[in-house]
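Trainee: Can we go through this model together? I would like to start with the charged pairs and then move to the interface.

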There are 2 protein chains.
Amino acid sequence: MTTDDETQIHRKAANREAPHREATNREATQYRWEGVDLLPYKEDERALFKAITRQVLFSDPKQSSELRYFEVAPGGFSTLERHEHTHSVLILRGRGHCLVDGTVRQLNTNDLISVPSMAWHQFRAAPNEPLGFLCMVNSTRDKPQLPTGEELATLQRDPAIAAFLRGDLP
Amino acid sequence: MTTDDETQIHRKAANREAPHREATNREATQYRWEGVDLLPYKEDERALFKAITRQVLFSDPKQSSELRYFEVAPGGFSTLERHEHTHSVLILRGRGHCLVDGTVRQLNTNDLISVPSMAWHQFRAAPNEPLGFLCMVNSTRDKPQLPTGEELATLQRDPAIAAFLRGDLP
């Protein structure tokens, strides 16, 4: 990928352009949708996530929510974070685990997960399988918060959560 | 199904109850989600649709959109209609065709379809396969409009649309 490509991807992401406002049929090949940019998960220099990509499937000013597809490669994970806005998640592909609001849950294809306001949450792919999921989110939303050292230590006091955060999972 | 069950289903649908506001993980078995009611597609006495069910996967007052799953049995179809609100559709299962805004399109699993404002649209399953799709829609939205005889005749002037509306498809 050239620097120009990267610049364009970042500009598109920053502008929240609606990729398709007209009637369209966009096909997928192996969970890559035509006409949909494959985006970095976040623009963040810190290594708070691993091996995860993002595709914005629907982002239209006439709709009040967006539908995104995230794919975590085997062994990868999303950022551990919380925010006021809620997430509605459907597992589209693969297996893994999530931590949501103090509970570690196993994830299989087609599972539905609700992430409530201000719940700490993280998604992890299985060691040998990707985890692909749809996430519906309000178009207007607050920024994620990261845990302080103290908040992280509190979470880690639960052995199941500590194992999840270490990636020590079946 | 007893009459009491039916009454309850209709009441729940009418109230637009949020089925799950807390953190949950709801599993699916053959595209039936646990804790999610299997609803009639519409409460309408007219035979404008055939062999289609609805599951409201996410409907939460903190989110401005809903995510529904519709499943059309082989040979079935949704209502031909239009409205101001837009639909964002992802084909989750099977094959079929849709008519959107004057164009008939073949549908395969994971295809994305945008239905613009006031576009006539209908979804049809293949003769020998179901068509299951996710539909993201604003929680607050206008009611669908049905075509007049004249509007239907105008659509049918296109041979491809006429064949689609007759269910005369591969």
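**Salt bridges and the interface**

Mentor: A search of the whole structure, over all chains, turns up 10 salt bridges (a side-chain nitrogen of Lys or Arg within 4 Å of a carboxyl oxygen of Asp or Glu). This is a predicted model, in which local features need pLDDT of at least 70 and side-chain atom pairs count only at pLDDT 80 or more, while totals for chains, interfaces and linings use all residues. Residues are numbered from 1 along each chain as its sequence is written, chains are lettered from A and ligands numbered from 1 in the order in which they are written, and side-chain values use heavy atoms, with hydrogens and water left out.

Trainee: What does A:Glu66 pair with?

Mentor: The side chain of A:Glu66 meets that of A:Arg141 in a salt bridge, 3.7 Å from N to O. A:Glu66 is in strand S6 of chain A and A:Arg141 in the loop between S12 and helix H2 (149-156), 75 residues apart. Helices (H or I, at least four residues) and strands (E, at least two) are DSSP runs, numbered from the N terminus.

Trainee: Is A:Glu66 buried or exposed?

Mentor: A:Glu66 is buried, at a relative accessible area of 5%, whereas A:Arg141 is partly exposed at 26%. Buried means under 20% relative accessible area, exposed over 50%, and partly exposed in between (1.4 Å probe, protein chains only).

Trainee: And which residue meets B:Glu129 in a salt bridge?

Mentor: That is B:Arg95, at 2.9 Å from N to O. B:Glu129 lies in the loop between strand S11 (121-125) and strand S12 (131-138) of chain B, and B:Arg95 in the loop between strand S7 (87-94) and strand S8 (96-100), so the pair ties together parts 34 residues apart in sequence. B:Glu129 is partly exposed, with a relative accessible area of 27%, and B:Arg95 is partly exposed, with 25%.

Trainee: Switching to the interface: how many salt bridges are there between chain A and chain B?

Mentor: The count between chain A and chain B is zero. There are 20 residue pairs in polar contact across the interface, both residues at pLDDT 80 or more. A polar contact is a pair of N or O atoms within 3.5 Å; within protein, one must be able to donate a hydrogen and the other to accept it, and residues adjacent in sequence count only if both atoms are side-chain atoms.

Trainee: How much area is buried between them?

Mentor: About 3,600 Å², with carbon and sulfur atoms giving 52%; buried area is the accessible area (1.4 Å probe) that two parts lose on being put together, summed over both. A:Phe58, A:Gln63 and A:Leu112 supply 19% of what chain A buries against chain B, more than any other three residues. In contacts (heavy atoms within 4.5 Å), 42 residues of chain A meet 42 residues of chain B.

Trainee: What about A:Asp111, where is it?

Mentor: A:Asp111 sits in the loop between strand S9 (103-107) and strand S10 (112-115) of chain A. A:Asp111 is buried but has no salt bridge, and the nearest side chain of opposite charge, A:Arg105, is 9.0 Å away. Lys and Arg count as positive and Asp and Glu as negative; His and the chain ends are not counted. Leaving aside neighbours within four places in sequence, the contacts of A:Asp111 include B:Asn25, B:Arg26, B:Glu27 and B:Ala28.
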